[in-house]
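Visitor: I'd like to learn how to read a few features off a model like this one. Could you walk me through it?

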Amino acid sequence: MTLETVDGWVSHGGRQGVYRHASTSTGTDMTFSVFVPPHREGTRLPVLYYLSGLTCTHANVTEKGEYRAACAAQGIVFVAPDTSPRGEGVPDDSAGHWDFGLGAGFYVDATQPPYARNYRMWNYVSEELPALVAEHFPVDPHASSIMGHSMGGHGALVAALREPGKWRSVSAFAPIANPMAAPWGKKAFELYLGEDEADWRAYDAVALIEDGARRGEILVDVGTEDPFLHEQLCPEALEAACGGAGIPLNLRRQSGYDHSYYFISSFMADHVGWHADRLKGTQ
C-alpha cells in the first residue's frame with residue numbers, strides 16, 4: 001500500500017508525521033497522523049489508536065492532545081485517523097449541519113445511499129488502517145489499544161467490544177456511550193444505517209453489552225461541566241450496562257471539566273500510561 005508523507009517534525013526525540021493514502025474502504029484519499037517515539041533500530045513498538053470526535057480531523061488531537069511526551073516516555077506509537085471520508089463527490093448533509101456527513105462518519109459502515117459508497121469508517125479503522133500502519137511503521141500488530149473522544153469514544157468502545165481480541169485495552173474521553181438514545185446518534189444511524197433500529201445495535205456500546213458482548217476493564221473520563229453530558233453522552237447507561245454484565249468500568253467524573261481539548265489534554269498522559277501498562281503486560 002502506497003503512503004505519501006504530507007509533513008513531519010522531530011518532537012520529544014521521536015517523529016511526528018502526517019500521511020495520506022488512497023483508501024480502498026472509503027474510495028477517497030485519507031489522511032492520518034503517526035507519532036513514532038525514539039527507539040532502537042529493529043524494535044517493534046506497541047501502538048495506540050485515537051479516534052476523534054465530531055467536526056475533527058487528525059489535526060485536532062495532533063496539535064492539541066499533548067500525548068507526545070507520554071508516548072515518548074512509554075515507547076508507544078500514537079495513530080490518529082480522520083473522522084470521515086472527504087473530497088469532491090463525497091456526500092454531505094445537504095442542510096449543512098455540523099453533526100452529520102463530512103467530519104462525522106460515526107465509525108460505521110453505511111448501508112444507505114448515497115452514503116454507503118464512501119462512509120465505511122468501521123472497515124477503515126478496524127482493518128485497512130491497522131494493516132497500513134503495520135506495513136509502514138515499527139509497530140507490533142499484536143500489541144494494539146484504542147481510545148477516543150466523544151464520537152471517537154463511541155467508536156473506540158464499539159471496536160473494543162466487537163473485537164476484544166484485537167485491542168488490549170480501551171479508554172475514552174466523554175464518549176457517546178449509547179448513541180441509539182442520543183440525538184446525535186439517532187440522526188446519524190438513521191441516515192447511515194436505515195430506519196430499522198435492530199441494525200443500529202452493532203454500533204452502540206450499551207446495546208452490544210446488552211446483547212452479550214464482553215471484554216476486560218474500561219477507563220472512561222467525563223467532565224462534570226460537559227454541556228453534552230446527559231443528553232448526548234449517556235454515561236449512566238454505560239455504567240448500568242457494565243454493572244449488569246460484570247464488566248469492570250472505571251468511570252471518572254472529573255469536576256469542573258468540559259468537552260474540550262483542555263479537558264482531554266489534562267488527562268491524556270494518564271490514559272497513555274494506563275494503556276502502556278496493559279500493552280506491556282504489567283497489568
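Guide: Here is a short tour of a helix, a core, some salt bridges and a strand.
This is a predicted model, where local features need pLDDT of at least 70 and side-chain atom pairs count only at pLDDT 80 or more, while totals for chains, interfaces and linings use all residues. Residues are numbered from 1 along each chain as its sequence is written, and side-chain values use heavy atoms, with hydrogens and water left out.

Visitor: Where is the kink in helix H9 centred?

Guide: First, the labels: helices (H or I, at least four residues) and strands (E, at least two) are DSSP runs, numbered from the N terminus. The bend at a residue is the angle between two axes, one fitted to the seven residues ending there and one to the seven starting there. In H9, which covers residues 261-279, the kink is about 45° and is centred on Phe-267.

Visitor: What happens at the two ends of H9?

Guide: At the start, a side-chain oxygen of Ser-260 comes to within 3.1 Å of the backbone nitrogen of Tyr-262. Just past the helix, Gly-281 has a positive phi of about 75°.

Visitor: How many residues of H9 are buried?

Guide: We call a residue buried under 20% relative accessible area, exposed over 50%, and partly exposed in between (1.4 Å probe, protein chains only). For H9 the count is 14 of 19, so the helix is largely enclosed by the rest of the structure.

Visitor: Which residues have the most contacts inside the largest nonpolar core?

Guide: A nonpolar core is a set of buried Ala, Val, Leu, Ile, Met, Phe, Trp, Tyr and Cys residues joined through side-chain atoms within 4.5 Å. The largest one here has 92 residues, and Phe-32, Phe-78, Phe-106, Tyr-192 and Met-268 have the most contacts inside it. H9 supplies the largest share of this core, eight residues. Take Met-268: leaving out residues up to four places away in sequence, its contacts (heavy atoms within 4.5 Å) include Tyr-50, Val-61, Phe-78 and Phe-173.

Visitor: On to charges. How many salt bridges does a search of the whole structure find?

Guide: The criterion is a side-chain nitrogen of Lys or Arg within 4 Å of a carboxyl oxygen of Asp or Glu. The search finds 12. In one of them, Glu-4 pairs with Arg-20, with the closest N and O atoms 3.0 Å apart. Glu-4 sits in strand S1 (residues 4-11) and Arg-20 in strand S2 (residues 14-22), so the pair ties together parts that are 16 residues apart in sequence. Glu-4 is partly exposed at 40% relative accessible area, and Arg-20 is partly exposed at 27%.

Visitor: Is Asp-221 buried or exposed?

Guide: Asp-221 is buried, with a relative accessible area of 0%. Its salt bridge with Arg-252 has the closest N and O atoms 2.6 Å apart. That pair links distant parts of the chain, with Arg-252 in strand S9 (residues 249-254) and Asp-221 in strand S8 (residues 218-223), 31 residues apart. Elsewhere, salt bridges that share partners join Asp-93, Asp-99 and Lys-187 into one network.

Visitor: Which strands pair with S6?

Guide: Two strands pair if DSSP finds at least two bridges between them. S4 (residues 45-51) pairs with S6 in the parallel sense over six bridges, and Leu-48 stands opposite Ser-145 in S6. S7 also runs parallel to S6, joined by four bridges, and Gly-148 has Ala-172 in S7 as its bridge partner. Eight of the 11 residues of S6 (residues 139-149) are buried, so this strand is largely enclosed by the rest of the structure.

Terms used
Polar contact = N/O pair within 3.5 Å; in protein donor to acceptor, adjacent residues only side chain to side chain.
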